[in-house]
Amino acid sequence: MARAIWTGVITFGLVSVPVGLFTATEDHTVHFHQLQRGTSDRIRNRRVNERTGKEVDAADIVKGYEAGEGEYVVVEPEELDEIAPGRSRTLEITDFVDLDRIEPVYFGRTYYLAPRGKEYLKVYALLRTALAESGKVGVATFVMRNRQYLTALRAEDRVLLLQTLHWADEVRDPVEELPDLPSERVGQGKELDMALRLVDALSGDWEPARYRDTYREKVRELVRAKAEGQEVAVAEEAPEATNVVDLMEVLRGSLEQAKDTGGKQTAARSKSPGGKRAASTTRKAGDERPAGARKKATAPSRSELRELSKAELYQRATEQDIAGRSRMSRQELVDALGGSAGRGRRKKKTTAA
C-alpha cells in the first residue's frame, strides 16, 4: 500500500475534505553505481567543509543566502517553516478554469489525491464529479517541503489528480529564447495539405501500453551482453534531415507507404533513437476520408453522452466538425453533440417520410 507524501485539507467554498497526496508515477530508469576505473571500489559523496576538508554531520548544516562576496545570511530550517504560507496544511481552491485554457508548458508533476478515511468518500466524490461534469480544473496552492506549489486539480476515473504548475515567471517566452522560428506564412499550400493527409493516415487511438522505453531496454541488453561477454549491437544512425527541395516528394512517398502498410508503420522509415518504428494505428489502408466523414452509424442519446469523458466528447465533436469545440466545457460538448444528434434523427425521420 502506497504512503502519502503530504496530508492536508482541500477546501472549496465552505466545503472541505481531508486528503493524502500520493506519487502517481514510478521511476524505472536503470541506475548505476560510481566506481573507480579499474577497480570495484564504490565512490561516495560526502558533505565536506571546503576550508578544513573535514566531513560535516547533517545536523550541523544550515542554509545560507549569499548577500555579498563571502557574506551570508544564515537561515535555520525552523525559520522557513514559520513563515511558510498555508501552515495549516490547506489546499485551497481559489478558481475553476477550463483545462484546455492552461498551456501544456505550465504542467509539472502529477500526483493522486485520496480521501483520508471512508467518512470523507462522499465529499471527495462530490468534488470529483463536479469537476468531471463541468470540464474544469480547480486552481489551488499548497506548501510541501518548504516550497509553495501552484497546482491544478482535475477529475479522472474515480480519482482526483493534482498536477503541479510552473509559476508565470518560470515559463520562458519562445519568441525571445529560441533562435529561429517559422513565420505564419511558412507551411501553407500543397505541402500542408499532403502533411495533413499523412497525419490523418497515421492517426489512431491513444493506447499508452503500446509504447515502450526502448532506450532502457537497450541499456539492460548492454549490461546483460557485457556480463556474458557477448558482442554489443550498435544502434542505427539517426535519419538525415529532409531537404526542403525534396519535401513534396518525401511527403508523397510517406503517404504511399502509409497506405501500403495500412497505416501500421510510420512513413519514410521514421524511427525512434533506438531504431524502433513508431506505433501502429488501426486505420484501414487507402482510407483517405477526412475525420468528419468517419461518423458512427447511430447517434448516441444525451444520457449516453453524459457517460463519456471530456476527451471522448471532444473527439466526437472533432469527427462531427462542431465549431468552437476547443473552447467548450464538458456540458457544452454534451449539448452540442446532443443537438447534432437530434438534428440527425429528425433528418432521418423526414427522409423516411
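Among contacts in the protein between residues at least 6 apart in sequence, 58% join residues at least 24 apart, where contact means heavy atoms within 4.5 Å. The structure is a predicted model, in which local features need pLDDT of at least 70 and side-chain atom pairs count only at pLDDT 80 or more, while totals for chains, interfaces and linings use all residues. Residues are numbered from 1 along each chain as its sequence is written, and side-chain values use heavy atoms, with hydrogens and water left out.

The protein contains nine helices and nine strands; helices (H or I, at least four residues) and strands (E, at least two) are DSSP runs, numbered from the N terminus. Of the 353 residues in the protein, 23% are buried, a term that stands for under 20% relative accessible area, with exposed meaning over 50% and partly exposed in between (1.4 Å probe, protein chains only). The accessible surface amounts to about 26,200 Å², and carbon and sulfur atoms account for 51% of this area, as computed by the Shrake-Rupley method with a 1.4 Å probe.

Two packed helices are described by the angle between their axes and the distance between the axes. Helix 4 (residues 190-201) packs with helix 6 (residues 247-260) at an angle of about 20°, and their axes are 10 Å apart. Helix 4 is therefore roughly parallel to helix 6, since angles under 35 degrees count as roughly parallel, over 145 as roughly antiparallel, 65 to 115 as roughly perpendicular and the rest as oblique. Here the axes are lines fitted to C-alpha atoms over the stretch in contact, and angles run from 0 to 180 degrees between N-to-C directions. Residues that make the contact include Met194, Ala195 and Leu198 of helix 4, together with Leu251, Leu255 and Ala258 of helix 6. By class, the contact has nine nonpolar, one polar and five charged residues; Ala, Val, Leu, Ile, Met, Phe, Trp, Tyr, Cys and Pro count as nonpolar, Asp, Glu, Lys and Arg as charged, and the others, Gly among them, as polar.

Asp98 lies in strand 5 (residues 90-98) and is buried, with a relative accessible area of 14%. Apart from residues up to four places away in sequence, Asp98 touches Gly135, Lys136, Arg327 and Ser329. Ser329 itself is located in the loop between helix 8 (310-319) and helix 9 (330-352), and at 12% relative accessibility Ser329 is also buried. When neighbours within four places in sequence are set aside, Ser329 is in contact with Asp98, Ser134 and Lys310. Although Ser329 and Lys310 are 19 residues apart along the chain, their C-alpha atoms are separated by 8.0 Å.
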